[in-house]
Amino acid sequence: TGEMGRLKSYENQKPPFDAKNPFLAQVTENRKLNEGGERHLMHLELDISNSKIRYESGDHVAVYPANDSSLVNQIGEILGTDLDTVMSLNNLDEESNKKHPFPCPTSYRTALTYYLDITNPPRTNVLYELAQYATDAGEQERLRKMASSAPEGKALYLSWVVEARRNILAILQDMPSLHPPIDHLCELLPRLQARYYSIASSSKVHPNSIHICAVTVEYETKTGRLNKGVATNWLKSKVPDQNGSSSLVPMYVRKSQFRLPFKPSTPVIMIGPGTGIAPFIGFIQERAWLKQQGKEVGETVLYYGCRHEREDYLYREELARFQKEGVLTQLNVAFSRDQAEKVYVQHLLKKNKENVWKLVNEGMAHIYVCGDARNMARDVQNTFYEIVSEFGNMSQPQAVDYVKKLMTKGRYSLDVWS
């Protein structure tokens, strides 16, 4: 049935729950967050009652997704295999401590659905091994070439596999003479990995549920195929209260260093555009709870960004309510595409640079950045260099050093992905 570790672990669940022994959490809510646009942004709630699972705001929830059954069926058809055949792949290397590449015995269908990564472009070693099964000399040569370390081979692999985002199914479709035995394919493909999401709730307010905020990944490749993100599309289909098992998600919690300051009176500056807002919803819920407990809560500042105010402004009502209650002391929102020139979170930071410097320098504020690593996190960091250098009367190298020190002291934290 696709268990990660012990057989029958999904039938009788025993704590503690971890990567080898995930908890099957029921999805109790799955709602679309955005009002328009072609993307689907969603908010899910997983029930962790009676699991003894504990989490803190800022932790990650790991979920084990399943591959799309139509992709699995198509691989079975091309390879002419009865996918319900029960098999066991045994390691012949006696030195190795791994007896099987994934839990065995199992069926090809279960392996391709739960254990093997069939959607990422395969690595060159996989192509090298598969080449021997191509009956067409030209196709065999192309596969060998892409697996080689020669410059033109590397270039071909980059354009034909990586940039075209060809997964194993696309390769089998585009090389009709390639018919590897399914056993060898199962041996070569990498394991399907758990996917991590920043938890979008506070355990002080929601001790029995974990919230996820995610955007479904869907894009057209250069070959005209529609590629879909494994986990987000699988989560999208998890609808509460349909005959039980269809809304179960195997999950566990991964601890993180992304933590609110020890003293509630310490100011926080949170920067999270798009789904990067997830952990900050948890942070703000927690600050609201601390305030209700009569604690003195410092300034709570959020920099959030989305494309269009009317389309994908996530958690708009919640944020407005937190602002009205005085928990969220500043709400700065950048709508990147609502005007001719793009406006991002770093532009708003620059606009409020004096206030930002005051919070960091005098208030000893903690800074949190969550979201896209490639551009946003780098641009935000550069903006902090500028602000520090301008108001702290420092040279660029000194400003860089100042920000690095904030990081070592745990006052500048990142939770980013690419």
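Strand β14 (residues 366–372) is mostly tucked away: six of its seven residues are buried, where buried means under 20% relative accessible area, exposed over 50% and partly exposed in between, using a 1.4 Å probe on protein chains only. Strands here are DSSP runs of E with at least two residues, and helices are runs of H or I with at least four, numbered from the N terminus. This is a predicted model, in which local features need pLDDT of at least 70 and side-chain atom pairs count only at pLDDT 80 or more, while totals for chains, interfaces and linings use all residues. Residues are numbered from 1 along each chain as its sequence is written, and side-chain values use heavy atoms, leaving out hydrogens and water.

Zooming out, five strands make an open, parallel sheet in the order β13-β12-β11-β14-β15. Strands β13 and β15 stand at the edges with a single partner each, so one side of each has no neighbour in the sheet.

Then there is leucine 328, in the loop between α10 (316–324) and β13 (330–335). Leucine 328 is buried, with a relative accessible area of 1%. Its contacts (heavy atoms within 4.5 Å) include Met270, Ile284 and Phe322, not counting residues up to four places away in sequence.

Notes. Pairing = 2+ DSSP bridges.
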